[in-house]
Amino acid sequence: MSRRVVRQSKFRHVFGQPVKADQMYEDIRVSKVTWDSSFCAVNPKFLAIIVESGGGGAFMVLPLSKTGRVDKNHPLVTGHTAPVLDIDWCPHNDNVIASASEDTTVMVWQIPDYVPVRSITEPVVTLEGHSKRVGIICWHPTARNVLLSAGCDNLVILWNVGTGEMLLALEDMHTDLIYNVGWNRNGSLLVTTCKDKKVRVIDPRKQTVVAERFAPHEGLRPVRAIFTREGHIFTTGFTRMSQRELGLWDPKNFEEPIALQEMDTSNGVLLPFYDADSSIVYLCGKGDSSIRYFEITDEAPYVHYLNTYSSKEPQRGMGFMPKRGLDVSKCEIARFFKLHERKCEPIVMTVPRKSDLFQDDLYPDTPGPEPALEADEWLSGKDAEPILISLRDGYVPVKNRELKVVKKNILDTKPPPGSRRSSTSITDISSPILDEVLEEIRVLKETVQAQEKRISALEHKLCQFTNGTD
């Protein structure tokens, strides 16, 4: 009788555990919009969730420490005139977040370190270039201020957020609705999936399709694709019999899969979350109540099933914490933020270890918050790997860095707001009166910001006082 040899892996015993009830975020009206995005974005400072809101689109931003019941009057980020479909934190500035909406615009927001008293309504910059709703946004992994957006007009646009201008528009590449877009590790290539059943690898600066594969999964339902650290492409999709399936492909030889595995029968599209440091991919289906995770290696069968985290409640969306936001002292290798109908529940993935010392093998140097390139350098053809940091002493988030937008020749490209409504030019107003009004607005804004900071500081003191009396 042959003995089954168990594959050696330090991640074989990874297990998931929800946090205690008082560490959850309660009373949040999670958006009910029908769209296959994660509805949640998280970084080492903040948790952002797309929420229900009347008369436009909004999302909520909470400091990670603000657990428990969320005040029903908690300020929102409201600027879109239609529902928000996707949000993404800037990897190089923890206070900057981008949002995409049905109103065809992309907005970039600066979030203060203190909790504002009123809703944030003024974005730092509004990016207008799509003719239909925008459902996908994704920051460049290594270049500062480069943001990608993809809309239902089958158009992919790359923006320089620092100037508010369009860098590149990838037209006539997709013949139907784009399902998802992902960067490779150094941001030189894109992978996209589309309703026309093709997976494409695109060089955005040359505006060419480098490789493509028709129907990597034979089913009609949406396919998702991401790059692995080695440059392979991991996909999730459906078989002809509506069974969920995962695949691993080499874009240099797209005809035959490296691995293709059937999973289960379910309608939910599987959203892949990939950790390049450990080569683990986590699959979360909308409407599922489980997270399956697999290790990708260079040994057959290449995609190795590790385990499944199961719960009773289905998930409406999911946030995935970057590696620098994890607790290395507890051997935490991933943290998810699972959206329910009215709350957000953090789920911690841990490798069981007996030692309290820093585990070098679990935490190789990981991408930090410093960009490796400027937008102009990347556009001119330069590539650079992410700048890595060590997590040995834990990661301390840096203080708020302001995103400065310097518009280039904005008057040459865009008429001033309100020019259609009124024939009176701003130059018709006498200069001293205009200066006086602008100065008064500036003073009032400074006063309001100072008061908001003061209120936030007092609330913080009050929290400390109440915690002390407990």
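Author: Welcome! Let's begin with a term: a residue counts as buried under 20% relative accessible area, as exposed over 50%, and as partly exposed in between. Keep in mind that this is a predicted model.

Reader: Thanks! Then how should I class aspartate 113: buried, exposed or partly exposed?

Author: Its relative accessible area is 37%, so aspartate 113 is partly exposed.

Reader: And which residue does aspartate 113 form a salt bridge with?

Author: The partner is lysine 45, and the closest N and O atoms lie 3.0 Å apart. Aspartate 113 sits in the loop between strand S10 (105-110) and strand S11 (125-128), while lysine 45 sits in the loop between strand S3 (40-42) and strand S4 (46-51), so this pair ties together parts that are 68 residues apart in sequence. Lysine 45 has a relative accessible area of 14%, so it is buried.

Reader: How many salt bridges does the structure hold?

Author: There are 23 salt bridges. Let's look at another one.

Reader: Which residue pairs with aspartate 288?

Author: Arginine 244 does, with the closest N and O atoms 2.6 Å apart. This pair, too, links distant parts of the chain: aspartate 288 is in the loop between strand S25 (280-285) and strand S26 (290-296), and arginine 244 is in strand S22 (residues 243-249), 44 residues apart.

Reader: Are aspartate 288 and arginine 244 buried or exposed?

Author: Both aspartate 288 and arginine 244 are buried.

Reader: What about aspartate 277: what is its salt-bridge partner?

Author: Aspartate 277 pairs with lysine 323, and here the closest N and O atoms are 3.8 Å apart. A salt bridge needs a side-chain nitrogen of Lys or Arg within 4 Å of a carboxyl oxygen of Asp or Glu, so a pair at that distance still counts. Distant parts of the chain are linked again: aspartate 277 lies in the loop between strand S24 (270-275) and S25, lysine 323 in the loop between strand S28 (317-320) and strand S29 (332-339), 46 residues apart. Aspartate 277 is buried at 15% relative accessible area, and lysine 323 is buried at 9%.

Reader: Which residues do salt bridges with shared partners join into one network?

Author: Asp196, Lys198, Arg200 and Glu212 are joined that way.

Technical notes. Residues are numbered from 1 along each chain as its sequence is written. This is a predicted model: local features need pLDDT of at least 70, side-chain atom pairs count only at pLDDT 80 or more; totals for chains, interfaces and linings use all residues. Side-chain values use heavy atoms; hydrogens and water are left out. Helices (H or I, at least four residues) and strands (E, at least two) are DSSP runs, numbered from the N terminus. Buried means under 20% relative accessible area, exposed over 50%, partly exposed in between (1.4 Å probe, protein chains only).
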